[in-house]
Amino acid sequence: YGSGTFVLVGDAGSMATSPDGETWTAQTSGITTHLKGVTSGNGTFVAVGFSGAIITSTDGETWTPQTSGTSNYLRQVTYVNGTFVITGNSGMILTSPDGETWTQQTSGTSAFLNRVTYGNGTFVIVGQNGTILTSTDGETWTPQTNSSPHLVGVTYVNGTFMAVGLQGTILTSPDGETWTPQTSGTSSHIRDVTYVNGTFVA
């Protein structure tokens, strides 16, 4: 969501926009690649997907392809602390100040990287085989010790990082470095986590 517009992305380059979340209009992305994530920041929408696809738009309707420099599957894009951050397969991390010029960062891992969040001056990325990476600048990344299964979602609210993943995994941390397992009460996979009206929801 950005500039008064909701944007959805999907398979084969499909996308739609809405001013209210109720009435939707199909848009032309200009590509046929599956799109997996979209975000908005600094007046720009950025969508990413398979085969290193990155497209940008200022209004959610007219989209421009950008050069990612990779053919990796890009899993998610977010805008945090004035920086667009993309995570993807084979340890892929891309950063950009504007959504157009992208720099590949050294992650130090070949794991799939699923999600990124930012809080308390720290970026946190989670991924395959319990991978957790932290950074204070989005460029230099440090692995954190963790023995959990695949992690697929992470958020930061009210001084707490929360990561979730397969087999009912929930981890919390005050700083992104020291993580504590929590009891979820389920062995089902937990795909994402958010915070609404004073409550974490996973």
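Contact here means heavy atoms within 4.5 Å. In this predicted model, Leu94 is in contact with Ile54, Ser68, Thr70, Leu74, Phe84, Val85, Ile86, Trp102, Thr103 and Gln104, when neighbours within four places in sequence are left aside.

The largest nonpolar core has 10 residues, and Leu94 is one of them. In soluble globular proteins, nonpolar side chains tend to be buried together.

Strand β13 (residues 122–127) is mostly covered, with 6 of its 6 residues buried. In a regular strand the side chains alternate between the two faces of the sheet. In β13 both faces are covered: Thr122, Val124 and Val126 are buried on one side, and Phe123, Ile125 and Gly127 on the other.

Strand β12 (residues 113–119) runs antiparallel to β13 and is joined to it by 6 bridges; Gly119 has Thr122 as its bridge partner in β13. The hairpin of β12 and β13 has 2 residues between the strands, and Asn120 takes a positive phi near 55 degrees. Strand β14 (residues 132–135) is also antiparallel to β13, with 4 bridges between them, and Leu133 in β14 stands opposite Ile125. The hairpin of β13 and β14 has 4 residues between the strands, and Asn129 in the turn has a positive phi of about 55 degrees.

A search of the whole structure finds 10 aromatic pairs. Tyr1, Phe6 and Trp24 form one aromatic cluster.

How values were computed: Residues numbered from 1 in each chain as written. Predicted model: local features only at pLDDT ≥ 70, side-chain atom pairs only at ≥ 80, totals over all residues. Heavy atoms only, no water. Phe/Tyr/Trp six-rings, centres within 6.5 Å; stacked < 30°, edge-to-face > 60°. Core = buried A, V, L, I, M, F, W, Y, C linked by side-chain atoms within 4.5 Å. Buried < 20%, exposed > 50% of the residue type's maximum accessible area, 1.4 Å probe, protein only. Pairing = 2+ DSSP bridges.
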